[in-house]
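User: Hi! I am new to reading structures and would like to go through one with you, feature by feature. Could we take it slowly?

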Amino acid sequence: MAPFTGSVPVASVRWADRALAPSRRATLAKRQASTAAPAFGTALTEHMVSARWSAGPGWHNGEILPYQPLRIDPATVGLHYGQSVFEGLKAFRRPDGVPVLFRAADHGRRFQRSAARLAMPALPADDFVAALSALVRTDEAWVPHEENRSLYLRPLMFAADTSLALRPSTTYHFLAVAFVTESFFGSTAHPVSVWCGRDYIRAAPGGTGDIKCGGNYAPTYLAQQQAADHGCQQVIWLDAAERRWVEEMGGMNIFWVRREGGRDVLVTPPLTGTLLPGVTRDSILALAADLDLTCAQRPMSLDQWRAEAASGVITEAFACGTAAVLTPIDRVVTEDGAWDAGAGPPGTVCARLRDALVAAQHGVGPDRYGWLTPVR
Ligand code: COI
């Protein structure tokens, strides 16, 4: 195990493996196999990662522990001021049965960017990958064999000082847990309907929309409630300044398929600083080129979407994220009326891209982009 390095003082770290006996693991594997349609975030495995950072020693006490509750002081600063970041990535099984992490180093680098924005220490990407590999190795029996399931990994870091002074913490706690999941919206890619209101925004220039911090998510719940009140499953987010440009869907990036000069062009909003730079978004842009699709990162207004869905120029709309994979959007509801978004028939560009992504995640064929980290 490489020691932590980087901008913080170096401490030797071990990811101590206190794994269960093999017989217990086999029992768990049976339990996993019998878990019907686990709701997102509930089928947690038996171990977790824990590591500490403090000024001086830097990162230390990196270990794999049995899954357990934390004892938290009520004055823990991470509970009060939102100095807390997280990631979401997945482990799959290759056809030869070896578990693989998908784009773990890219998630690790985004975790560093998120931490930097909230004045938190950097966890080197190598240690991020090593920690998650150790967790997957320990709970390997939980990595599903089914194509529509995966092991979702949830690393997080929070400010651990027990002081309510309004300043960056001097101590941090890094944790990671794992759970068996199907896609966020269930085992198949059913289209979702979306509500686009103007009361709330997700992110503003100069804010935290381009990082993964807890504070980006709870403020979306009221808009999500509005969506449900309008019979929709998800929210479309418009830009803060003009309430005109489509930025994201829920906690996911968004794409459209436009007919341009007799070709399908994949359009997604540019990363302006208010959108999350999704790893799935980036994967789709790479895979689209392999499928001979032209990609364009350009703004899309709600008005353009509506007009071009009606005229047939936009043939599909879909959202993507680690949890959601690719999910078609079939209907948009706004204060000014509703329209069909162009979820498309079976065999759509969305379906082809989803198949290509799932194949890449499971290591079907060569790992052309170096996205997979085998865990042995
Ligand atoms: C993901 O797509 O993995 C997310 O983090 C979205 C949400 C479940 C928080």
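This is a predicted model: local features need pLDDT of at least 70, side-chain atom pairs count only at pLDDT 80 or more; totals for chains, interfaces and linings use all residues.

Analyst: Gladly! A strand here is a DSSP run marked E of at least two residues, and strands are numbered from the N terminus.

User: What is the phi of Val325 near?

Analyst: The phi of Val325 is near 60°, which is a positive value in a residue other than glycine. Ala119 is another case: its phi is positive, about 55°, although Ala119 is not a glycine.

User: Where does Ala119 sit? And is Ala119 buried or partly exposed?

Analyst: Ala119 sits in the loop between α3 (104-117) and α4 (125-138). To judge exposure, we use cut-offs: under 20% relative accessible area is buried, over 50% is exposed, and values in between are partly exposed. Ala119 has 45% relative accessibility, so Ala119 counts as partly exposed. Val325 has 8%, so Val325 counts as buried.

User: Let me try a strand residue. Where is Val267, and what is its relative accessible area?

Analyst: Val267 is in strand β14, residues 263-268. Its relative accessible area is 1%, so Val267 is buried.

User: Now the rings. How is a pair of aromatic rings described?

Analyst: A pair of aromatic rings is described by two things, the distance of the centres and the angle of the planes. Rings pair if their centres lie within 6.5 Å, and planes under 30 degrees apart count as stacked. By this rule there are 14 aromatic pairs. Take Tyr152 and Phe179: the ring centres are 4.8 Å apart and the planes are at 20°, so this pair is stacked.

User: Which strands hold Tyr152 and Phe179?

Analyst: Tyr152 is in strand β8 (residues 150-159) and Phe179 is in strand β9 (residues 171-181), so the pair ties together parts that are 27 residues apart in sequence. Both Tyr152 and Phe179 are buried. Tyr369 and Trp371 make a stacked pair too, with 4.6 Å from centre to centre and 20° between the planes. Here Tyr369, at 34% relative accessibility, counts as partly exposed, while Trp371, at 7%, counts as buried. Ring pairs can also link up: Trp59, Phe111, Phe128 and Phe174 form a cluster in this way.

User: And the ligand? How many residues surround the ligand?

Analyst: There are 10 residues around the ligand, and the closest are Tyr152, Lys212, Tyr217, Thr322 and Ala323. By class, this shell has 6 nonpolar, 2 polar and 2 charged residues. Domain 1 (3-182) and domain 2 (192-361) both give residues to the shell, so the ligand lies between them.

Methods:
Residues are numbered from 1 along each chain as its sequence is written. Side-chain values use heavy atoms; hydrogens and water are left out. Rings of Phe, Tyr and Trp (its six-membered ring) pair if their centres lie within 6.5 Å; planes under 30 degrees apart count as stacked, over 60 as edge-to-face and the rest as tilted. Helices (H or I, at least four residues) and strands (E, at least two) are DSSP runs, numbered from the N terminus. Buried means under 20% relative accessible area, exposed over 50%, partly exposed in between (1.4 Å probe, protein chains only). A residue is near a molecule or strand if one of its heavy atoms lies within 4 Å of it. Ala, Val, Leu, Ile, Met, Phe, Trp, Tyr, Cys and Pro count as nonpolar, Asp, Glu, Lys and Arg as charged, and the others, Gly among them, as polar. Domain bounds come from an automatic or database domain assignment.
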